[in-house]
Amino acid sequence: MTELERFQLTPDLSICRVLNGLWQVSGGHGPIDPDHAIAAMFDYQEAGFTTWDLADHYGPAEDLIGEFRLEWEDQKGKAALEQLQCFTKWFPTSGKMTRELVENNINVSCDRLGMDYLDLLQFHWADYQNQDYLEALYHLSELQKIGKIKHLALTNFDTEHLKIITEAGIKVISNQVQCSLIDRRPLFKMAKYCQEQDIKLLAYGTLAGGLLTDKYLGYSASLRLNNASLRKYHNIVQAWGGWPLLQQLLGILRKIADKHQASIANIALRYVLEQPMVAGAIVGTRLGITEHREDTAKVFSFSLDEEDYQALEPIWKKSRNLYQSIGDCGDEYRR
Ligand SMILES: NC(=O)c1ccc[n+]([C@@H]2O[C@H](COP(=O)([O-])OP(=O)(O)OC[C@H]3O[C@@H](n4cnc5c(N)ncnc54)[C@H](OP(=O)(O)O)[C@@H]3O)[C@@H](O)[C@H]2O)c1
């Protein structure tokens with residue numbers, strides 16, 4: 001298998017540039033058998049896919065990681081736990097952002113993961129009208145000072161609010177946002193501001209739930225969208241230009257893929273990894289159901305060249321600008 005590239009996110013935190021996304025175990029992507037899932041986690045980890053993206057609300061994701069850590073330690077010894085990076089998220093649902101509420105939520109995640117501290121906590125906020133997000137982030141920074149959280153990060157924040165947060169003196173190391181060949185919103189404002197502030201991007205939706213893969217080349221628009229990701233990104237495709245334009249894009253990607261002896265998924269992922277400030281791309285993993293490790297690893301065996309980027313230009317010219325129609329990163333969560 002091609003050697004996997006890593007990225008030094010901070011001096012004490014190295015990640016695999018392709019992260020394993022665990023929204024896919026939450027129930028909306030087919031039933032997950034815990035034993036098969038944990039066996040699959042060993043395969044990912046041993047192959048070098050050591051960085052896991054999860055969230056408090058991804059069904060059993062945090063518990064599965066907790067169980068996996070126990071079994072990994074049993075088999076490989078305590079020191080081997082250092083080889084895993086477990087990035088969770090907190091999506092607050094209600095309540096005044098008191099120290100007690102914030103700390104309780106972090107403790108729940110720590111307990112589920114079987115960790116004394118979180119490697120990286122990615123904070124999401126649903127409503128900018130409610131400015132309590134600054135209060136919550138202040139408490140999270142305090143928890144970081146006492147070692148409960150190693151690194152603080154965000155998800156789905158737009159550039160304007162990322163700026164408010166950094167100007168309030170809160171240091172975040174990354175923002176997790178949707179970024180793909182069809183959703184290029186981070187490239188408008190976000191990437192530039194992140195460059196100024198040295199904040200990295202972790203990208204999701206890179207394969208549009210699987211729509212940006214060989215599987216969907218030549219499919220009619222009436223196909224069954226039988227999981228939550230496919231439905232989510234089908235909406236994005238509709239907003240972007242529709243199914244026929246997606247088919248044109250897949251056709252061009254196939255030609256680029258032929259040139260690099262790669263898959264369409266490789267080209268889609270490679271594109272995201274080559275964008276400014278993108279430290280890593282998350283790929284959803286339906287543990288114990290499907291796996292694409294060997295194919296995914298090939299993303300590190302080539303680069304896109306000028307001719308490839310030029311081949312994509314006509315598609316982008318025909319598509320709608322999602323920055324104008326939806327807004328900046330994460331704005332779809334606030335409409
Ligand atoms: N912060 C947020 O708000 C947010 C939102 C969404 C997602 N995320 C994160 O991003 C992760 C990724 O999820 P996503 O929904 O965006 O999905 P995605 O990564 O765009 O797509 C994942 C799907 O693509 C297919 N696939 C993966 N590698 C492939 C390959 N090499 N060849 C062919 N097909 C391949 C698989 O489909 P099959 O299983 O059908 O083969 C897989 O289930 C989530 O798990 C989560 O961690 C975060």
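Colleague: Where is the place of Arg185?

Modeller: This is a predicted model. In it, Arg185 sits in the loop between strand S8 (174–178) and helix H6 (190–197).

Colleague: Is Arg185 buried or exposed?

Modeller: Read the relative accessible area. Buried means under 20%. Arg185 has 1%, so Arg185 is buried.

Colleague: Which side chain joins that of Arg185 in a polar contact?

Modeller: Look for pairs of N or O atoms within 3.5 Å. The side chains of Arg185 and Glu332 are joined by such a contact, at 2.8 Å. The backbone takes part too: the backbone oxygen of Asp328 lies 3.3 Å from a polar atom of the Arg185 side chain.

Colleague: Which residues is Arg185 in contact with, leaving aside neighbours within four places in sequence?

Modeller: Among them are Gln178, Leu322, Tyr323 and Ile326. The list also includes Gly327, Asp328, Cys329, Gly330, Asp331 and Glu332.

Colleague: Now a contrast. Where is Ser220, and is Ser220 buried or partly exposed?

Modeller: Ser220 is in the loop between strand S9 (200–204) and H7. Its relative accessibility is 42%, so Ser220 counts as partly exposed.

Colleague: What separates the C-alpha atoms of Ser220 and Thr166?

Modeller: Compare the chain with space. These two residues are 54 residues apart along the chain, and their C-alpha atoms are separated by 45 Å.

Colleague: On to the core. How many residues has the largest nonpolar core?

Modeller: In soluble globular proteins, nonpolar side chains tend to be buried together. Here the largest nonpolar core has 118 residues. Phe123, Leu140, Leu211 and Leu249 have the most contacts inside that core.

Colleague: What does Phe123 touch?

Modeller: Set aside residues up to four places away in sequence. Phe123 then touches Trp90, Pro92, Tyr133, Ala136, Leu137 and Leu140, along with Ala153, Leu154, Thr155 and Phe157.

Colleague: Next, the ligand. How many residues surround the ligand, and which are the closest?

Modeller: The ligand is surrounded by 31 residues. The closest are Gln24, Asp53, Ser229, Tyr233 and Thr290. By class, the shell has 11 nonpolar, 15 polar and five charged residues.

Colleague: Which N or O atoms lie by an oxygen atom of the ligand?

Modeller: In the side chain of Tyr233, an N or O atom is 2.7 Å from a ligand oxygen. A backbone N or O atom of Trp23 lies 2.8 Å from a ligand oxygen. For a backbone N or O atom of Gly21, the distance is 3.3 Å.

Colleague: How much of the ligand does the protein cover?

Modeller: Start from the ligand on its own, with 920 Å² of accessible area. The protein covers 93% of that.

Colleague: Which elements give two or more residues to the shell?

Modeller: They are helix H7 (228–240), strand S10 (278–284) and helix H10 (293–297). S10 gives the most, with three residues.

Note on methods. Residues numbered from 1 in each chain as written. Predicted model: local features only at pLDDT ≥ 70, side-chain atom pairs only at ≥ 80, totals over all residues. Heavy atoms only, no water. Near = heavy atom within 4 Å. Polar contact = N/O pair within 3.5 Å; in protein donor to acceptor, adjacent residues only side chain to side chain. Areas by Shrake-Rupley, 256 points an atom, 1.4 Å probe, with all protein chains shown as cover. Helix = DSSP H or I, 4+ residues; strand = E, 2+ residues; numbered from the N terminus. Nonpolar A, V, L, I, M, F, W, Y, C, P; charged D, E, K, R; others polar. Buried < 20%, exposed > 50% of the residue type's maximum accessible area, 1.4 Å probe, protein only. Core = buried A, V, L, I, M, F, W, Y, C linked by side-chain atoms within 4.5 Å. Contact = heavy atoms within 4.5 Å.
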